[in-house]
Amino acid sequence: MENAVRDWRGRSYLPGPVPADRTRMFWLAWGAMAAISPLQYGYAALLAKEATGLTLLAVWIACQAAGALPALHLVRRGRLGVRASLAAGAALSFAGLAAAALPLSAPGAFVGYALLGGLGAGLVYGVCGEVVSSWYPERPAARVGLITGAFGYGAVPLLVWAGIAPAATSTAFLVASVVALAVIGTAARHLRLPPALWWPADVDPRSHALDAARLRTTPEAARQFGPAQALRTRTLPALALILTCAGAVSVFDVIMIAGTGSWGALAVLVALNGASRSVAMRCSELYGRRRVLAAVLTALATGQVLLATALATTPPGAEPVMAGGPLLWLGAVAAGLGGGAFYPLLASLVREFFGVERAGEIHAVVYSAKALAGAGAAALALLALSTPVPALAVAAALAALPALAIPRLRIPGLPATIPL
C-alpha cells in the first residue's frame, strides 16, 4: 500500500481527506438509532405488562441481538451493502412498529413485532454502529456512545404521548412506524463505509498511537484478535456475562416503573438511559473504562435498592407513585444512569482488549448475549407480578455481582505478572 503508514505496534493506516458529509452521516445514523428505540423501550413500557407481552418482548430482544452479528459479517466482507442492509432494516422496523399497534393476541403481533421488528432493529443497530466507528477511528467509542444513546432516549416522545393520551397508544406506534421508515430509509441513501484502513488526514496516526495520556486510561490491545481467538479467552465470556446481567436489569426496570403508573419517572428513566451513555464514555476517557463501568453497575444496583425500598414502604392499597414519592424518583434516576451506559462501555472494552481490526464482529458476539438478557428481564418481570420487592432484590444482585468482578478483568495476551 503506497500511502500507508504504520504506528509503533505495526498497525497500518491510510490517511485520507475527511469527506464533507461525515457529520451528516453521523446525524443520520443517530436518527436511525432513535427511530428504532420505540421497538424496545416503548414496547417494554407500554405493552410488556402481562405474560404475552413479556414473551413477545423477550423474543424481540433475542432477534435484535442475533441479527447484528450476521449483518456485520456480511457488510464487513462486502457481501451486503450498507444501503441494502439499512433499506431492509427500515422495512422490517416499519413492520415491527406497525405490528406493535395490534392486539397482543393477534398472530401478526408475534411475526411482525417479535421476529421481523427484532431482525430489523438488529440490522440498523449493527450497521449504524459499524459505519460511525469506521468514519471516526480516532474516537470510535465516544461517537458510538452518542448514537447508542439515541437508541435509549429515542422512545421518550412516544412515552410522553402515551402518558398524556393512553387511548392513543396504537396510533403512537403507527406514527412511530412511519417515522422509522422515513428516517432509516434516508439514512440508507447516504450512509457508506470508508475505504479499508482509512484514517482522517488531519490527525497523525503515529502521534495518536503514542499519546501517553490516552494510553494511561484507555490502553490498547496486546495484539489484534479474531472472533475465534477472542472466544478462547476468559475475557470475552466475562464481558458477555456482564451484558447479560446488566441488560436484564435494564429492561426490567422499564417494565417495573411503567407498572407504577408514574409516567414522569418512566420518562426520566428512559431519557437518562440514553443520555448517560455519552457521559459515561467521556468519563471513561478520563478515568478508565473498567473503573467507570464498575461505577455504572453500582448505580444500577443502587437503583434497584431504592425502588425496592419505595415499594416496601408503600401502604397496602396505596399507589406507589404517591407513597413511594422521592425514593421512586431517586430509584428511577439511579437506574437510568446505570441502565444504558454499560453498552458503549462494553463495546469500547472489546476494542481495548481485542484490538480494532475485528472489534465490530467481536462486539457483536458479546452483544448477542442480550438474547439471554431478554429472557432474564421477562423472568424478573413475571416474578415482580406477585412479589415485586424480592424481584428487585434479585435485580440488585445481578447488577452488583458483575461490578465486583470488573476490576479483575485483564487485557488478553499480557503476562499474568503485569499488574492490573
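The model is a predicted one, where local features need pLDDT of at least 70, side-chain atom pairs count only at pLDDT 80 or more, and totals for chains, interfaces and linings use all residues. Residues are numbered from 1 along each chain as its sequence is written, and side-chain values use heavy atoms, with hydrogens and water left out.

The core makes a handy starting point. A nonpolar core here is a set of buried Ala, Val, Leu, Ile, Met, Phe, Trp, Tyr and Cys residues joined through side-chain atoms within 4.5 Å, with buried meaning under 20% relative accessible area, exposed over 50% and partly exposed in between (1.4 Å probe, protein chains only). The largest such core holds 126 residues, and Tyr113, Leu191 and Phe252 have the most contacts inside it. Its top contributor is helix H1 (residues 22–46), with 15 residues. Helices (H or I, at least four residues) and strands (E, at least two) are DSSP runs, numbered from the N terminus. Setting aside neighbours within four places in sequence, Leu191 is in contact (heavy atoms within 4.5 Å) with Met25, Leu28, Ala29, Val82, Leu86, Cys128 and Val131.

Next come the helix pairs. Axes are lines fitted to C-alpha atoms, for helices over the stretch in contact, and angles run from 0 to 180 degrees between N-to-C directions. The axes of H1 and helix H4 (residues 107–135) come within 9 Å and cross at roughly 150 degrees. H1 and H4 are therefore roughly antiparallel; that label takes angles over 145 degrees, while under 35 counts as roughly parallel, 65 to 115 as roughly perpendicular and the rest as oblique. Residues making this contact include Met25, Phe26 and Ala29 of H1 and Tyr113, Gly117 and Cys128 of H4.

Helices H12 (residues 263–287) and H13 (residues 289–312) pack at about 135 degrees, with axes 7 Å apart, and are therefore oblique to each other. Here Ala280, Met281, Cys283, Ser284, Glu285 and Tyr287 of H12 meet Arg289, Arg291, Val292 and Val296 of H13.

Leu104 sits in the loop between helix H3 (82–100) and H4. Beyond residues up to four places away in sequence, Leu104 touches Tyr43, Leu47, Glu50, Thr52, Gly53, Leu56 and Ala109. Leu197 lies in the loop between helix H7 (169–190) and strand E3 (198–200). Phi of Leu197 is near 65 degrees, a positive value in a residue other than glycine. Leu197 counts as partly exposed because its relative accessibility is 36%.
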